[in-house]
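Good morning, and thank you for coming.

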Amino acid sequence: MLKRVMYNVMYISLRGVDMAQMIRKQVYLEPLQDANLKKQAKALGIAEAEVIRRAIDRQMALLVPGFRDLSAWQREKAFIAQRIAGKPLPGGRKFRREEAYEDRLKRYGR
């Protein structure tokens, strides 16, 4: 009976993919990474392997060309609007615009 239960559990469907279709990988973790992995899995109520899969998915999303985090852009727009609406910084500017242009031209030529 125990063997049959174990077999059924091994082949459950995760994220629309049967376990039989998954590829087994072995990874080496540092002790702190292992402790954090265990803590995260317990907090989320999921398997450690699922935490690792989610972390890989997040990492891959950052590497895909053209990926844009629209929520990050919304936060940036709100920050810009806040800065525009705000008062000038105390003390004002420490330079004149003309001096900045002159300095740039000296460094990079005309």
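**A pocket and a helix pair**

Helix 2 and helix 3 each contribute at least two residues to the lining of the second largest pocket. Helices (H or I, at least four residues) and strands (E, at least two) are DSSP runs, numbered from the N terminus. This is a predicted model, in which local features need pLDDT of at least 70, side-chain atom pairs count only at pLDDT 80 or more, and totals for chains, interfaces and linings use all residues. Residues are numbered from 1 along each chain as its sequence is written, and side-chain values use heavy atoms, with hydrogens and water left out.

The chain has five helices and two strands, in the order α-β-β-α-α-α-α from the N terminus.

Let me turn to the pocket. On a 1 Å grid over the protein atoms alone, a pocket is an open set of points where a 1.4 Å probe fits, with protein on both sides within 12 Å along at least five of seven lines; lining residues have an atom within 4 Å of a point. The second largest pocket holds about 260 Å³ of space, a volume being the space filled by probe spheres set on the points. Its lining includes Leu29, Leu37, Val51 and Arg58.

How do the two helices pack? Helix 2 (residues 31–44) and helix 3 (residues 48–63) meet at an angle of about 100°, and their axes, lines fitted to C-alpha atoms over the stretch in contact, are 8 Å apart. They are therefore roughly perpendicular (65 to 115 degrees) to each other. Contact means heavy atoms within 4.5 Å; among the residues that meet are Asp34 and Leu37 in helix 2, and Glu48 and Val51 in helix 3.

Finally, consider leucine 37, which lies in helix 2. Is this leucine buried or exposed? Leucine 37 is buried (under 20% relative accessible area), at 10%. Buried residues make up 5% of the 110 residues in the chain. Leaving aside residues up to four places away in sequence, leucine 37 touches Leu29, Glu48, Val51 and Ile52.

Terms used:
Axes fitted to C-alpha atoms, helices over the stretch in contact; angles between N-to-C directions. Parallel < 35°, antiparallel > 145°, perpendicular 65-115°, else oblique. Buried < 20%, exposed > 50% of the residue type's maximum accessible area, 1.4 Å probe, protein only.
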